[in-house]
Amino acid sequence: MDLDASLGISASGLRAQSLRMRVIAENLANQDSVAETPGGDPYRRRVVSFQAEVDRATGATGVKVKSIQGDQSNFTRVYQPGHPAADAQGYVLRPNVNGLIESADMKAAQRSYEANLNAIEAAKSLTMRTIDLLK
């Protein structure tokens, strides 16, 4: 595999994990966002899906974002009759965001991002060593 292909693969991973980290940060920022109207739906957690992508020019397989979809798990209900977003029974729907899950996902995305950076650094280092040998 040549340098361009290896850099392209790692760059696609960097882009994908960067977007994943932004979506996770959005989820964490909205974990307490409830509906503005009584009985309305709160913020729905979003999840990033990836798929393989073949670069026809180099033949290398990278990764791209397939979709960003809402998590269809149930909202939690909390009894708060005085809350402006409470329904007729006094329950407020809370977002389906779990801070522990988001933190674990963020850590996994960061590790993957770092691995791609290390792969780019390794390719750069090998190229520099080859140039030094040719001198």
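A polar contact is a pair of N or O atoms within 3.5 Å; within protein, one atom must be able to donate a hydrogen and the other to accept it, and residues adjacent in sequence count only if both atoms are side-chain atoms. The model shown is predicted, with local features requiring pLDDT of at least 70 and side-chain atom pairs counted only at pLDDT 80 or more, while totals for chains, interfaces and linings use all residues. Residues are numbered from 1 along each chain as its sequence is written, and side-chain values use heavy atoms, with hydrogens and water left out.

View 1. Helices (H or I, at least four residues) and strands (E, at least two) are DSSP runs, numbered from the N terminus. The side chain of asparagine 96 reaches the backbone oxygen of aspartate 71 at 3.0 Å, and makes a polar contact with the side chain of serine 73 at 3.2 Å. Asparagine 96 counts as buried, at 10% relative accessibility; buried means under 20% relative accessible area, exposed over 50%, and partly exposed in between (1.4 Å probe, protein chains only). Contact means heavy atoms within 4.5 Å. Leaving aside neighbours within four places in sequence, asparagine 96 is in contact with Tyr43, Arg44, Arg45, Asp71, Ser73, Asn74 and Phe75.

**View 2. Serine 73 in the loop between β2 and β3.** Serine 73 is partly exposed, with a relative accessible area of 31%. When neighbours within four places in sequence are left aside, serine 73 has Arg44 and Asn96 as its contacts. Serine 73 and asparagine 96 are 23 residues apart along the chain, and their C-alpha atoms are separated by 6.6 Å.

**View 3. The aromatic pair of tyrosine 79 and tyrosine 91.** A pair of aromatic rings is described by the distance of the centres and the angle of the planes. Rings of Phe, Tyr and Trp (its six-membered ring) pair if their centres lie within 6.5 Å; planes under 30 degrees apart count as stacked, over 60 as edge-to-face and the rest as tilted. A search of the whole structure finds 1 aromatic pair. In this pair, tyrosine 79 and tyrosine 91 are edge-to-face, at 5.3 Å centre to centre and with 65° between the planes. Tyrosine 79 belongs to strand β3 (residues 76-79) and tyrosine 91 to strand β4 (residues 91-94), so the pair ties together parts that are 12 residues apart in sequence. Tyrosine 79 is exposed, with a relative accessible area of 52%, whereas tyrosine 91 is partly exposed at 31%. The charged end of arginine 77 sits over the ring of tyrosine 91, 4.1 Å from the ring centre; this criterion requires NZ of Lys or CZ of Arg to be within 6 Å of the ring centre and within 35 degrees of the ring normal.

**View 4. The hairpin of β1 and β2.** Strand β1 (residues 46-54) and strand β2 (residues 61-70) pair in the antiparallel sense over 9 bridges; two strands pair if DSSP finds at least two bridges between them. Valine 47 stands opposite glutamine 69 in β2. The hairpin has 6 residues between its strands, and glycine 59 in the turn has a positive phi of about 80°.

**View 5. Helix α1 and its buried residues.** Helix α1 has 27 residues and reaches 39 Å from its first C-alpha to its last, close to the 39 Å expected at 1.5 Å a residue; the expected span is 1.5 Å times one less than the number of residues. Its buried residues include Ala5, Leu14, Met21, Val23 and Ile24, and what covers the buried residues of α1 includes β1, β2 and α2. Serine 12, in helix α1, is buried with a relative accessible area of 6%. Not counting residues up to four places away in sequence, serine 12 touches Gly62 and Val63.

**View 6. Helix α2, residues 99-134.** Helix α2 has 36 residues and reaches 53 Å from its first C-alpha to its last, close to the expected 52 Å. Glu102, Met106, Ala109, Asn116 and Ala123 are buried in α2, and the buried residues of this helix pack against α1 (3-29). At the start of α2, a side-chain oxygen of asparagine 98 reaches to within 2.9 Å of the backbone nitrogen of leucine 100.
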